[in-house]
Amino acid sequence: GAFQCAYHGWSFDGKSGKCVEIPQVIERFEDGKPISGLHKNTNTNTIDKKRREDGTAVPAMISQGMVWLFPYGGMERALSSPPPPRVPEIDMEEFKVSPVV
């Protein structure tokens, strides 16, 4: 999956953290090859090179419509961590939740 910043619109690959789209960047092509802008790097020799716009992928989960990140310790520690706290009202039918984007 991918994550997208609701404010800026930047999109990141959920596994690698690489930035895959910046809506404000216009790509220019010459002879069918990108010469500027942001494009997916298909060259496997430089796939691990971190660019300035790339993020760091961390384990995450969605609970009650909220994204919870586990920034320290990797996947093993995230899987052994207790679940995030719940807000009981969110599960109540008479409680209204308004997502904000």
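This is a predicted model: local features need pLDDT of at least 70, side-chain atom pairs count only at pLDDT 80 or more; totals for chains, interfaces and linings use all residues.
**D54**

Next I looked up what D54 pairs with. R51 makes a salt bridge with D54, and their closest N and O atoms sit 2.9 Å apart. K18 also forms a salt bridge with D54, here with 3.5 Å between the closest N and O atoms. I checked where the two partners lie: K18 is in the loop between strand 2 and strand 3, while D54 is in the loop between strand 5 (33-36) and strand 6 (60-63), so this pair ties together parts that are 36 residues apart in sequence.

**K18**

I wanted to know how K18 counts by accessibility. K18 comes out at 17% relative accessibility, and the cut-off for buried is under 20%, so K18 counts as buried.

**R51 and E53**

I then went on to R51. Besides D54, the R51 side chain meets that of E53 in a salt bridge, 3.3 Å from N to O. I looked up the accessibility of both residues. R51 is partly exposed, with a relative accessible area of 24%. E53 is partly exposed as well, at 22% relative accessibility.

**Putting the charges together**

Which residues are linked in a network of salt bridges? I noted K18, R51, E53 and D54. I also ran the search over the whole structure, and it gives 4 salt bridges; among them are K18 with D54, R51 with D54 and E53 with R51.

**The sheet around strand 2 and strand 3**

K18 sits in the loop between strand 2 and strand 3, and I followed those strands into their sheet. I found an open sheet of 3 strands, in the order 1-2-3, with antiparallel pairing. Which strands are at the edge? They are strand 1 (2-4) and strand 3 (19-21), each of which pairs on one side only. From one strand to the next, I get a twist that averages 35 degrees.

Strand 2 covers residues 11-13 and runs antiparallel to strand 1, with 3 bridges joining the two. I also asked which residue in strand 2 is the bridge partner of Q4. I noted S11.

Conventions
Residues are numbered from 1 along each chain as its sequence is written. Side-chain values use heavy atoms; hydrogens and water are left out. Two strands pair if DSSP finds at least two bridges between them. Helices (H or I, at least four residues) and strands (E, at least two) are DSSP runs, numbered from the N terminus. Axes are lines fitted to C-alpha atoms, for helices over the stretch in contact, and angles run from 0 to 180 degrees between N-to-C directions. Buried means under 20% relative accessible area, exposed over 50%, partly exposed in between (1.4 Å probe, protein chains only).
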